[in-house]
Amino acid sequence: MYSFQAFDIPVLASNIPLTVSLIRGHVQAGFPSPAEDLGAQRIDLAQLLIKHSQATYFLRASGHSMTEVGIFDGDILVVDRAIKPRNTHIVVAIVDGDFTVKVLSQRVGRIKLKSANPTYPDITPKDGQTIEIWGVVTSTIKQFNV
Amino acid sequence: MYALIDGNNFYVSCERIFRPSLQGIPAVVLSNNDGCAIARSNEAKALGIKMGAPWFQIKHLTDSHGLVALSANFALYGDISDRMMSLAAGLGPTQEIYSIDESFIRLDGVRGDLVERSHKIRSRILQWTGIPCGIGIGRTKTLAKLANHIAKTAERKPGTYPGHLAQVCNLEVLSFDERQRVFAATEVGEVWGIGRRIGKQLTDGGIKTVQDLVRMDVATIRKGWSVVLERTVRELQGTPCIGLDDAPVPKKEIACTRSFGHAVTELSDLTQAVTEFASRAAEKARKQHSLASEVMVFIRTSPFRKDPQYSRSIVVPLRRPTADTGAIVQATVLSLRAIYCQGFKYAKAGVMLLDLQPDSVIQGELDLGDDDSLGDIADKARLMSALDAINKRYGRGTMKMASAGLDGDRRVWFMRQERRTPAYTTNWADIPIARA
């Protein structure tokens, strides 16, 4: 129930366990492996994809309006809420109470949500309508049937 | 110095992260079995919905006022709590997680403006996780808790307290006068550790506000009330009496009670239910290293229905103080048979373990040759730790007493959670959808 930590360093609530392994080396009779002291951690995908673990959520894309930036129906979106959304970021926005993934366009104070597929319309807020950006998409995960 | 951070309307706020359409509308989260409201949005509070209001009493508000009710989704709340707690920990050097949505942070040695720092942490938690928080700061835990109440009330009901205390309230930087005014505006029942009964006694005795209580002489309090209340008053006066690392006192009694998903009439179904409750209670007892001397079992019909009413309980002593699931379940099932009466629609049952004592004290007794020798007791203890280890590793209910039944979720008395949202953050199959 208690945790102790230094100031300002939030503990990572990592949801995906880090896989740790030493470089493999056969232990010869009596001699320690020469690689033992050089122990390295196996590459961890979560470390690559997740910068702010407390702020990162996974969503699934549904639809075809973002194919030109490589987001296809069924892809998993890695969404980081700690990142401040800026022009050209791919964002998850709240439109009519639903999550929508679009490209954020901010020009001279005008905000637009652009589709990345010419056959789909962009979303331009009407006067007085606000668009809430829920988070910034930092990567997508695509899995194939094998 | 302590800070208390807690999430506003926590369960509802968790639901709103993934259901933005719930923003700004009255929403409640219902307890196990959708029995009553255990969390309310501000809009729901404004409709007059009280904490613990039974669902059937507020159901009509769904049509008339657009109330949305959700079943508790603890997988989601647990994950969001984790995220919130680890960000809250950035406020100071040590943290005590007090409940799913509250943690105390010790602020000793933290330099700079605490209010500014708290606002930063608060907005980070809001931005990163989506949970709005209130932060209270005070010289003692009781003061921090009080400050937190002020911070949240000032935000929710403008006008009750000065506006600058909304969201973050540091009692230590208030002027003497302002502090007095704030204390005078707070009812004594809001103080941490003052329950409804003591609160009423104090109010009846003319001690209505926190200011009245702080002015009391501690010796009078000790004489007229209790040492516990004296400690509370000292804490309010600024003398720390409750440390951060005070381990929770082992509970004097352990209860496991539940409303059923559907009315239960058969003894066999009730037996399954109480077996499960007794097993859970025994597990809780072992976890806090306690042994129970007596078991209380109760069953009752729903007081909210017009059916014939029946309510009975029974307390049975155990052969010797124990935390053995087998012994406690056996006593529970026998007790149930003694109080069960056919022909009623049962709505709730419960098992309580009473007269708990530490498991380090074992009273020796003559070997009467009938059942357990001391060696058997040691074997049983090992059996129980194996049981707990298996259930911890493979999930609750992996290994259980046969009388709990094998039908899993199909058991008639099992939790009814018709309105539960998906496990958005803990199950790949349940992650939210974004339209592309």
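Modeller: A helix axis is a line fitted to C-alpha atoms over the stretch in contact, and angles run from 0 to 180 degrees between N-to-C directions. Helices (H or I, at least four residues) and strands (E, at least two) are DSSP runs, numbered from the N terminus. This is a predicted model: local features need pLDDT of at least 70, side-chain atom pairs count only at pLDDT 80 or more, and totals for chains, interfaces and linings use all residues. Residues count from 1 along each chain as its sequence is written, chains are lettered from A and ligands numbered from 1 in written order, and side-chain values use heavy atoms, without hydrogens and water.

Biologist: At what angle do helix 1 and helix 5 of chain B cross?

Modeller: Roughly 95°, with the axes of helix 1 (residues 10–18) and helix 5 (residues 74–88) of chain B coming within 10 Å. So helix 1 of chain B is roughly perpendicular (65 to 115 degrees) to helix 5 of chain B.

Biologist: Which residues of helix 1 and helix 5 of chain B make the contact?

Modeller: Contact means heavy atoms within 4.5 Å. Helix 1 of chain B brings B:F10, B:Y11, B:C14, B:E15, B:I17 and B:F18. Helix 5 of chain B brings B:F74, B:L76, B:Y77, B:I80, B:S81 and B:M84.

Biologist: Is strand 7 of chain B mostly covered or uncovered?

Modeller: Covered, mostly: six of the six residues in strand 7 (residues 133–138) of chain B are buried (under 20% relative accessible area, 1.4 Å probe, protein chains only). B:C133, B:I135 and B:I137 point one way; B:G134, B:G136 and B:G138 point the other way.

Biologist: Which strands pair with strand 7 of chain B?

Modeller: Pairing takes at least two DSSP bridges. Strand 1 (residues 2–7) of chain B pairs with strand 7 of chain B in the antiparallel sense, over six bridges. There, B:A3 stands opposite B:I137. Strand 8 (residues 168–170) of chain B pairs with strand 7 of chain B in the parallel sense, over three bridges. B:V168 is the bridge partner of B:I135.

Note on methods
Buried < 20%, exposed > 50% of the residue type's maximum accessible area, 1.4 Å probe, protein only. Parallel < 35°, antiparallel > 145°, perpendicular 65-115°, else oblique.
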